[in-house]
Amino acid sequence: MARPAAGTLLASALLLLFPLLLTDAIRNPIRLPSDRAADLLSGDSGDSLVGTRWAVLIAGSNGYYNYRHQADICHAYQIMKNGGLKDENIIVFMYDDIANHMENPRSGEIINHPKGKDVYAGVPKDYVGRDVNVNNLFAVLLGNKTALTGGSGKVVDSGPDDHIFIFYSDHGGPGVLGMPTYPYLYADDLNDVLKKKHASGSYKSMVFYLEACESGSIFQGLLPEDIDIYATTASNAYESSWGTYCPGDSPSLPPGYYTCLGDLYSVSWMEDSDIHNLRAETLKQQYQIVKTRTSVDGTYSLGSHVMQYGELELNLQNLFLYVGSNPANENVTFMDDNSLSFPMAAVNQRDADLVYFWHKYKNAPEGSSHKLGAHKELLEVMAHRFHIDNSIELIGKLLFGSEQGPHMLKTVRPAGQPLVDDWSCLKSMVRTFESHCGSLSQYGMKHMRFLANICNAGVSMDMMAEVSAQACISIPSNRWSSLENGFSA
Ligand SMILES: *[C@@H]1O[C@H](CO)[C@@H](O)[C@H](O)[C@H]1NC(C)=O
Ligand SMILES: *[C@@H]1O[C@H](CO)[C@@H](O)[C@H](O)[C@H]1NC(C)=O
């Protein structure tokens, strides 16, 4: 008997499998990667765009020492506006305590570059003051008006053909992003909301740009690769991101400014977007430019690792699909080397407030009440840091011994794993710590990894409460430690 040719065997195997393949093909058409790429690219450089572009812009901080986050957000609004997005489709979260702050040398204006012009004009006040909170952010993303409290009522009322762009700028820590009104935004909750949005079939694809310390930890091991979301972050999961255009930097700040005006990753993507024809620039090209600039030309001295997460293939698309393009740039041909690449100085996000308080103190007239006040502020902010660092270190030693304790503060899980498996444990640890030791505050967010490691090590909440009580006999009266804003988890 002749042996059947290999081809025949393959054919019979396929025949047997055919019903299976067929149902699978109906559910999930077989596609070559090149088809996907072709799809991604089709229609996004012309005007044949289907659907609406939505943008959600979030500044997660308040306080004049955090000037830069709201400056970033205002600047992003101007890019969306110049790109052709309509106000009804741009939703802005900003505390709005900067433009008219008494320390602002240009009252009613915000700048995002030492030589930059005002970026505050025209920015919609959708969610300001206490309305900048996690509950409203989630309601806006999910398009759920009934879940809103206050604000303009604008939500991402998007359909299946729409494209959504999200940009957030603030302090963060491992697994957490700041919000001016507590609680903070936790990575598990954010990713759940994104999955829910995807399940509701109300977008075609989404881009998320995220500036914060340890921002990689928000998506690492958490953001699925198949929900049509592409994210880039200012830093990896275990490093700081950087403020820029700070006092003492070059180019120097205009007279009267002693607070950082921008953040390194944020101004990098925005200054690139300001000058390019975004119909011709892909997300990937921008990622490369921003990565180079944010790494300070690959040195990572005063810089961080810009990361990508989610569905990476989406980065073949043009920026135009998400943020439009300024008609004034229509004739700019994209070139890697025409991006702004001047030497930059930067300040670690976590130390930017110290720089502010120091310069405020230094610049106040000798012997004035301003000088005295600034001195007090500087001491308070330092004392809070000291208190938080010491309490955490002591808790580490009480739980794990004097040798292993300090190690637990820094232990990083293998790449690709989320910070913690049990997020509700992490949140309970935060509340337990804060109820004994006071608020973590924006500085204390850096210790989130330690609190997560306590969960990963299986320490009970009772044990944590006991050692926290031992480590912190009382909550300092310092405004940073105060619990009057509630728990951050
Ligand atoms: C919208 O929010 C309200 C209030 O939180 C909730 O009861 C409702 O289920 C939400 N609707 C949808 C469609 O998720
Ligand atoms: C771009 O070039 C075209 C053709 O030369 C010209 O008509 C148009 O005005 C230019 N656009 C801008 C914004 O300079």
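This is a predicted model: local features need pLDDT of at least 70, side-chain atom pairs count only at pLDDT 80 or more; totals for chains, interfaces and linings use all residues.
In which loop does P183 lie? P183 sits in the loop between strand 5 (176-177) and strand 6 (185-186).

Let us start with the overall picture. The protein chain holds 15 helices and 12 strands. Of its 489 residues, 47% are buried. Among the contacts with a separation of 6 or more, 75% are between residues 24 or more positions apart.

How does strand 1 pair with strand 3 (residues 163-169), in the parallel or the antiparallel sense? The two strands pair in the parallel sense, over 7 bridges. Within this pairing, A55 has F165 in strand 3 as its bridge partner, and V56 stands opposite I166 in strand 3. Strand 1 also pairs with strand 2 (residues 90-93), again in the parallel sense, over 4 bridges. Here the bridge partner of I58 is F93 in strand 2.

Now for the side chains. In a regular strand, side chains alternate between the two faces of the sheet. In strand 1, R53, A55, L57 and A59 point one way, while W54, V56 and I58 point the other way. Residues of both sets are buried. Why can strand 1 be called largely enclosed by the rest of the structure? The reason is that 7 of its 7 residues are buried.

N62 counts as buried because it has 23 C-beta neighbours inside 10 Å, and the cut-off for a buried residue is 20 or more. Leaving aside residues up to four places away in sequence, N62 touches Y95, D97 and P180. Take Y95 as an example: N62 and Y95 are 33 residues apart along the chain, yet their C-alpha atoms are separated by 5.8 Å.

Next, let us visit a pair of helices. Two packed helices are described by the angle between their axes and the distance between the axes. For helix 4 (residues 134-142) and helix 5 (residues 187-199), the axes come within 9 Å and cross at roughly 20 degrees. The two helices are therefore roughly parallel to each other, as angles under 35 degrees count as roughly parallel. The crossing of helix 4 past helix 5 is right-handed. Where they meet, helix 4 brings F138, L141 and L142, and helix 5 brings V193, K196 and K197. The residues of this contact divide into 4 nonpolar, no polar and 2 charged.

Finally, we turn to some details of the backbone. Most residues other than glycine have a negative phi, and most peptide bonds are trans. P251 lies in the loop between strand 9 (242-244) and strand 10 (262-263).

Y245 is found in the loop between strand 9 and strand 10 as well. Its phi is near 50 degrees, a positive value in a residue other than glycine. Y245 counts as buried because it has 30 C-beta neighbours inside 10 Å. E214 also has a positive phi, of about 50 degrees, although it is not a glycine. Where is E214 found? This residue is in the loop between strand 7 and helix 6 (216-219). With 31 other C-beta atoms within 10 Å, E214 is buried.

How values were computed
Residues are numbered from 1 along each chain as its sequence is written. Chains are lettered from A and ligands numbered from 1 in the order in which they are written. A residue is buried if 20 or more other C-beta atoms lie within 10 Å of its own, exposed if 12 or fewer, and partly exposed in between; C-beta atoms are placed from the backbone. Two residues are in contact if their C-beta atoms, placed from the backbone, lie within 7 Å. Axes are lines fitted to C-alpha atoms, for helices over the stretch in contact, and angles run from 0 to 180 degrees between N-to-C directions. Angles under 35 degrees count as roughly parallel, over 145 as roughly antiparallel, 65 to 115 as roughly perpendicular and the rest as oblique. A crossing is left-handed if the near helix is turned anticlockwise from the far one by less than a right angle, and right-handed if clockwise. Ala, Val, Leu, Ile, Met, Phe, Trp, Tyr, Cys and Pro count as nonpolar, Asp, Glu, Lys and Arg as charged, and the others, Gly among them, as polar. Two strands pair if DSSP finds at least two bridges between them.
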